[in-house]
Number of protein chains: 2
Amino acid sequence: MKNFDLVFKALADPTRREVLRMLSGGERTAGELSDAFELGRPSMSHHFAVLKEAGLVRSRREGTQVYYALDTTVLEDVLARLWDHLGLKDPRKEDRP
Amino acid sequence: MKNFDLVFKALADPTRREVLRMLSGGERTAGELSDAFELGRPSMSHHFAVLKEAGLVRSRREGTQVYYALDTTVLEDVLARLWDHLGLKDPRKEDRP
DNA sequence: CGCTTATTTCGAAATCCGTCGAAATACGGG
DNA sequence: CCCGTATTTCGACGGATTTCGAAATAAGCG
């Protein structure tokens, strides 16, 4: 995968992981997400950009505000690949040899 | 889990992920692992320490050399938790209250 | 066009991270 | 003991990352 690196870099930050967790409940505006953290808007905007760059998130503008949403396809692919890559068993399937 | 943060920090580096991949084939000595990369021994030793600190790897000394082995329990737990925690299940729910 | 709200971009400071060479530690064997 | 091999610790350097405030952009509204 191309973005393997970007994805893990993105996941390395706790704030960004928390943003992803919030987005798992549905899309949120940049402002809503920012209000959940004690960080300035510019800092949060930067985190959003990192997540987007990694393909973990997509955004859509509606009027003056921007909605962010989880893009699960990349995460699923990366995690599955990691599992495979490391020769681990997929937790989604509980098969035993 | 003990420390979510350390695990993701550990996985953020491509060299460390490659070390994990190598270890998925069985344990290796520090020297064997180091020889697979174009990095100095001190750098590799540092990476081993990070992986160990995160609980992704365990070590055992035999004579003058140190064997490293993958500890899959932490990885399985973390990835499963990530999968679950982010709600990466197929029927995606939309919107919010 | 000016005004307000929402968000991003820019530039700079502080901190973190990966890497190195030199030195230190750990072991086993003369 | 001292030597050789294997590995780790130390101290430092450079580059990346996080954060901020100020300024810039975007969009709706009168």
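Biologist: At roughly what angle do the axes of helix α2 and helix α4 of chain B cross?

Modeller: This is a predicted model. In it, the axes of α2 (residues 14–23) and α4 (residues 41–53) of chain B cross at roughly 75° and come within 10 Å.

Biologist: Is that roughly parallel or roughly perpendicular?

Modeller: Angles of 65 to 115 degrees count as roughly perpendicular, so α2(B) is roughly perpendicular to α4(B).

Biologist: Which residues make the contact there?

Modeller: From α2(B) they are B:T15, B:R16, B:V19 and B:L20. From α4(B) they are B:M44, B:H46, B:H47, B:F48, B:V50 and B:L51.

Biologist: How do those residues of α2(B) and α4(B) divide by class?

Modeller: Six are nonpolar, three are polar and one is charged.

Biologist: Let us turn to chain A. How do the axes of α1(A) and α5(A) cross?

Modeller: Those axes cross at roughly 100° and come within 11 Å. That angle makes α1(A) roughly perpendicular to α5(A).

Biologist: Which residues of α1(A) and α5(A) make the contact?

Modeller: A:F4, A:V7, A:F8 and A:L11 come from α1(A), while α5(A) supplies A:V74, A:L75, A:V78, A:R81 and A:L82.

Biologist: Now the interface. How many residues does each chain put into the contact?

Modeller: Chain A gives 29 residues and chain B gives 25 residues.

Biologist: What area is buried between chain A and chain B?

Modeller: About 2,700 Å² is buried between the two chains, and carbon and sulfur atoms give 70% of that area.

Biologist: How many salt bridges are there between chain A and chain B?

Modeller: The count is two salt bridges. One of them joins A:D5 to B:R17, with the closest N and O atoms 2.7 Å apart.

Biologist: Which elements of chain A give two or more residues to the side that touches chain B?

Modeller: They are α1 (4–11), α2 (14–23) and α5 (72–86) of chain A.

Biologist: Which of the elements gives the most to that side of chain A?

Modeller: α5(A) gives the most, with nine residues.

Biologist: What is the make-up by class of the side of chain A that touches chain B?

Modeller: That side has 15 nonpolar, five polar and nine charged residues.

Key
Residues numbered from 1 in each chain as written. Chains lettered and ligands numbered in written order. Predicted model: local features only at pLDDT ≥ 70, side-chain atom pairs only at ≥ 80, totals over all residues. Heavy atoms only, no water. Contact = heavy atoms within 4.5 Å. Buried area = accessible area lost by both parts, 1.4 Å probe. Salt bridge = Lys/Arg side-chain N within 4 Å of Asp/Glu carboxyl O. Helix = DSSP H or I, 4+ residues; strand = E, 2+ residues; numbered from the N terminus. Nonpolar A, V, L, I, M, F, W, Y, C, P; charged D, E, K, R; others polar. Axes fitted to C-alpha atoms, helices over the stretch in contact; angles between N-to-C directions. Parallel < 35°, antiparallel > 145°, perpendicular 65-115°, else oblique.
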